[in-house]
Amino acid sequence: KTLRDLTAEEVEAGLNSLTGELSSRSLQIAHNSLRRTIRYAEAKGKVGRNVAALIDTPNGTAGRRRRAFSLPQAAALILASRELPVLELHAGLKDPRRPASLMHAYITVSLMAGVPPEEARAIGWEEDVDLDGNPPSVAVLRADRAGGDTKTPGSRRALKLAQMAVGALREWQEDQAAEREAAGSHWQDTGRVFTTATGTPLGARHIRKMFQDVCERVGFGRDWAPRDLRHTFVSLLSDDGMAIEKIARLAGHASSHVTETVYRQEL
């Protein structure tokens with residue numbers, strides 16, 4: 001739509017058309033972005049008035065309830081992920097089945113280190129993972145988002161890995177090497193830990209679908225998201241008596257207030 005011809009009614013209709021898809025917060029961001037864009041055009045004399053500023057932001061869909069797995073559920077999820085091969089959304093694959101070790105490693109590292117999904121997707125083998133160190137560790141230095149930065153500078157940190165997570169990563173490393181050999185010239189060496197069958201980074205949509213498949217097959221249903229693993233990390237440590245300030249440092253939070261009010265769930 002040519003900006004000179006855009007009307008407030010059209011802006012309102014456009015935002016209203018998204019109310020069933022986006023949260024209220026996302027709609028507010030979209031509305032603010034459009035309002036700032038038109039304000040810039042207004043300052044340059046391209047339009048006479050800011051039509052986006054003439055309407056209110058509509059309400060979006062209700063936010064998803066934050067959840068955390070209980071300790072028995074988390075244990076069952078880890079055990080099930082060792083045995084259930086996962087399906088990958090990839091139109092070019094004749095057989096979309098992937099080794100169970102892929103989601104087993106992802107779930108185990110997320111549960112035992114509390115790494116957020118966007119940061120877990122960005123972990124690289126050589127620069128971030130040290131399985132032979134004393135202690136073994138994973139470094140969280142970047143995220144799968146525009147610019148590649150973590151949410152805050154304090155989010156960049158190194159975390160000791162539990163032996164179960166070390167074992168899960170070693171198993172996946174071997175299976176990934178087999179996939180690399182099978183892919184041959186189609187393999188793209190990105191160095192990422194969590195990749196497609198051709199070496200490209202796994203996107204949020206792919207991981208969410210595979211994670212929900214594992215949850216459904218273990219009997220938990222599909223109303224779970226990879227971010228719930230981070231909520232579980234915080235909640236289980238709190239339930240076990242660890243001080244919230246220490247959990248906040250492990251989670252990379254700037255303050256314990258976010259840890260306590262957003263991530264900690266009553267189990």
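This is a predicted model: local features need pLDDT of at least 70, side-chain atom pairs count only at pLDDT 80 or more; totals for chains, interfaces and linings use all residues.
Visitor: Good. Which residues of α3 meet α4?
Guide: On the α3 side they are Ala 74, Leu 77, Ile 78, Ser 81, Arg 82 and Glu 83. They meet Ala 100, Met 103, His 104, Ile 107, Thr 108, Leu 111 and Met 112 of α4.

Visitor: How do the residues of that contact divide into nonpolar, polar and charged?
Guide: In the contact of α3 with α4, eight are nonpolar, three are polar and two are charged.

Visitor: Is the crossing of α3 and α4 left-handed or right-handed?
Guide: Left-handed, as α3 passes α4.

Visitor: What about α4 and α7, at what angle do they cross?
Guide: Roughly 155°, with the axes of α4 and α7 (residues 163–183) coming within 8 Å. That angle makes α4 roughly antiparallel to α7. The crossing of α4 past α7 is left-handed.

Visitor: Which residues meet there?
Guide: From α4, you have Ser 101, Leu 102, His 104, Ala 105, Thr 108, Val 109 and Met 112. From α7, the partners are Met 164, Ala 165, Ala 168, Leu 169, Glu 171, Trp 172 and Asp 175. In the contact of α4 with α7, nine residues are nonpolar, three are polar and two are charged. If you are clicking around, His 104 is in the list for α3 and also in the list for α7.

Visitor: Let me zoom out. How many helices and strands are there?
Guide: The protein chain has 11 helices and five strands. Of its 267 residues, 42% are buried. Among contacts with a separation of 6 or more, 61% are between residues 24 or more positions apart.

Visitor: Which residues of α1 are buried?
Guide: Ala 8, Val 11 and Leu 15, in a helix that covers residues 8–16. They span an arc of only 60° around the axis, so they sit on the same side of α1. These buried residues pack against α2.

Visitor: Why would residues three or four places apart point the same way?
Guide: An α-helix has 3.6 residues a turn, so residues with that spacing point the same way.

Visitor: Now α10: which residues are buried?
Guide: Ile 244, Ile 247, Ala 248 and Ala 251, within residues 244–251. Their arc around the axis is only 105°, which puts them on the same side of α10. The elements covering them include β5 (157–160), α9 (227–239) and α11 (256–263).

Visitor: What happens just after α10?
Guide: Gly 252 takes a positive phi there, about 75°.

Visitor: Last one. Where does Arg 66 lie?
Guide: In the loop between α2 (24–43) and α3. Arg 66 counts as partly exposed because its relative accessibility is 45%.

Visitor: And what is Arg 66 in contact with?
Guide: Setting aside neighbours within four places in sequence, Arg 66 is in contact with His 231, Val 262 and Gln 265.

Terms used: Residues are numbered from 1 along each chain as its sequence is written. Side-chain values use heavy atoms; hydrogens and water are left out. A crossing is left-handed if the near helix is turned anticlockwise from the far one by less than a right angle, and right-handed if clockwise. Helices (H or I, at least four residues) and strands (E, at least two) are DSSP runs, numbered from the N terminus. Contact means heavy atoms within 4.5 Å. Ala, Val, Leu, Ile, Met, Phe, Trp, Tyr, Cys and Pro count as nonpolar, Asp, Glu, Lys and Arg as charged, and the others, Gly among them, as polar. Buried means under 20% relative accessible area, exposed over 50%, partly exposed in between (1.4 Å probe, protein chains only). The arc is that of the directions from the helix axis to the C-beta atoms. Axes are lines fitted to C-alpha atoms, for helices over the stretch in contact, and angles run from 0 to 180 degrees between N-to-C directions. Angles under 35 degrees count as roughly parallel, over 145 as roughly antiparallel, 65 to 115 as roughly perpendicular and the rest as oblique.
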